[in-house]
Amino acid sequence: MSEFFKGIDKIKYEGKTSTNPLAFKYYDPEEVICGKKMREHLKFALSWWHTMGGDGTDMFGVGTTDKKWGASDPMEIAKAKIDAAAEIMDKLSIDYYCFHDRDIAPEAETLAETNKRLDEITDYMKTKLAGKKLLWGTANCFGNPRYMHGAGTSPSADVFAFAAAQIKKAIECTVKLGGKGYVFWGGREGYETLLNTDMKLEQDNMARLMRMAVDYARSIGFDGDFYIEPKPKEPTKHQYDFDTATVIGFLKKYGLDKDFKMNIEANHATLAQHTFQHELRVARDNGVFGSIDANQGDTLLGWDTDQFPTNIYDATFCMYEVLKAGGFTNGGLNFDSKARRGSFTREDIFHAYIAGMDTFALGLRAAVKLIEDGRIDKFVADRYSSWNTGIGADVISGKATIADLEKYALEKGDVTASLTSGRQEMLESIVNNVLFSL
């Protein structure tokens with residue numbers, strides 16, 4: 001098998017003083033932190049769609065990098081991607097990968113022929129990616145023109161049936177490759193105008209499709225997690241999976257809340273006008289934290305730029321939430337990230353991944369220190385201490401009635417004096433103090 005990345009050796013950890021661009025400065029996969037190796041804390045995954053297929057094409061221009069990997073026939077290209085991915089993961093010490101069905105095998109003229117291609121390619125993956133793990137699989141039910149009005153939410157029952165068949169096969173591929181997660185991303189599950197939309201029927205049908213998928217997957221032995229990936233807009237103007245809170249409401253309404261967790265993406269959080277940490281906190285507080293699409297957007301742009309993460313603060317607060325949630329179980333950190341259009345060489349793939357992996361490694365180190373430092377946790381505990389005794393404890397326990405609270409308030413009089421400062425600036429300074437002492 002030919003080497004795709006000649007001149008690039010296995011990327012080693014050289015420490016923060018290293019100036020070698022092809023070395024890790026903060027990510028040491030074998031280093032033990034809080035009883036676990038860094039590779040176990042972070043569970044990095046290669047994204048097939050961006051890394052193996054994304055060629056820099058955007059709405060203003062064609063691709064700037066060749067992602068055919070030296071092949072020409074569509075199926076040979078698909079196999080070459082697997083060979084190249086194996087080399088990338090080995091050289092970067094990445095243990096996991098993720099894919100959409102159409103990322104790994106090209107769609108044929110018929111569904112039956114497409115499924116045969118998937119069988120052939122997944123057989124090849126089992127051999128070539130032995131030792132690597134599938135973090136999650138999913139189906140691309142948004143790219144083909146048949147899905148112009150949605151898949152599970154399509155006004156056409158025929159399209160709904162086709163999507164169900166495609167998802168069934170994607171689940172089978174996920175199980176075949178040992179995947180521990182399956183993601184629903186509603187790429188076109190939303191609407192452009194309510195003038196032509198039966199919103200209730202569309203959401204009812206989406207729930208029906210999810211229930212069918214769960215029941216089938218369990219029947220063939222899938223024991224992993226199902227995820228929904230929230231996103232507010234793009235490509236549709238209003239997507240039904242707007243943010244984590246919206247998805248939780250959907251899941252509870254349809255009785256799916258015991259089956260699904262969240263796959264949170266940083267760039268989707270900011271598109272919903274939330275912080276990355278906010279979406280993770282909502283998921284954690286509601287017991288639906290699952291997996292993460294690790295990337296970042298550009299605050300000067302209003303769309304999903306899927307940049308490799310380099311924001312240390314975001315990574316720190318992300319890993320703070322992950323640690324507080326008890327760490328990953330079946331989920332991990334998938335780099336749903338693409339090198340910039342102008343970063344078109346094969347070496348740039350390594351620079352991009354090194355940047356992202358080092359960023360989250362530094363975020364992990366900082367989050368551990370924040371928790372060990374204890375000042376922030378203590379401040380929060382002290383701020384809410386009035387709920388531990390007296391009238392606060394009576395409210396929490398259910399002992400106090402609204403009449404009791406009225407009596408208490410009448411006797412207490414003005415309560416302004418009970419307020420304390422939120423000390424936001426002090427807390428932000430503590431974060432800086434911890435982060436820059438690493």
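These notebook entries record what I looked up in a predicted model.

**Conventions.** I number residues from 1 along each chain as its sequence is written, and side-chain values use heavy atoms, with hydrogens and water left out. Because the model is predicted, local features need pLDDT of at least 70 and side-chain atom pairs count only at pLDDT 80 or more, whereas totals for chains, interfaces and linings use all residues.

**Entry 1, nonpolar core.** I looked up the largest nonpolar core and found 111 residues in it. Such a core is a set of buried Ala, Val, Leu, Ile, Met, Phe, Trp, Tyr and Cys residues joined through side-chain atoms within 4.5 Å; buried means under 20% relative accessible area, exposed over 50%, and partly exposed in between (1.4 Å probe, protein chains only). Leu42, Trp48, Leu92, Tyr97, Met125, Phe184 and Phe360 have the most contacts inside this core. Its largest share, 12 residues, comes from helix α12 (residues 346–373). Helices (H or I, at least four residues) and strands (E, at least two) are DSSP runs numbered from the N terminus.

I then listed the contacts (heavy atoms within 4.5 Å) of Met125. Leaving out residues up to four places away in sequence, Met125 touches Trp48, Ile82, Tyr97, Phe99, Ile104, Ala130 and Leu177.

I checked the axes of α3 (residues 74–92) and α12, which come within 11 Å and cross at roughly 45°. Axes are lines fitted to C-alpha atoms, for helices over the stretch in contact, with angles from 0 to 180 degrees between N-to-C directions. The angle makes α3 oblique to α12; angles under 35 degrees count as roughly parallel, over 145 as roughly antiparallel, 65 to 115 as roughly perpendicular and the rest as oblique. From α3, Ile88, Lys91 and Leu92 meet Ile349, Phe350, Tyr353, Ile354 and Met357 of α12.

I noted a cis peptide bond between Glu234 and Pro235, with omega about 20°. Pro235 is placed in the loop between β10 (225–228) and β11 (238–239).

I also noted that Asp306, although not a glycine, has a positive phi of about 50°. Asp306 lies in the loop between β13 and α11 (312–324) and counts as buried at 7% relative accessibility. Arg423, likewise a residue other than glycine, has a positive phi near 50°. Arg423 is in the loop between α15 (402–412) and α16 (424–435) and is partly exposed, with a relative accessible area of 44%.
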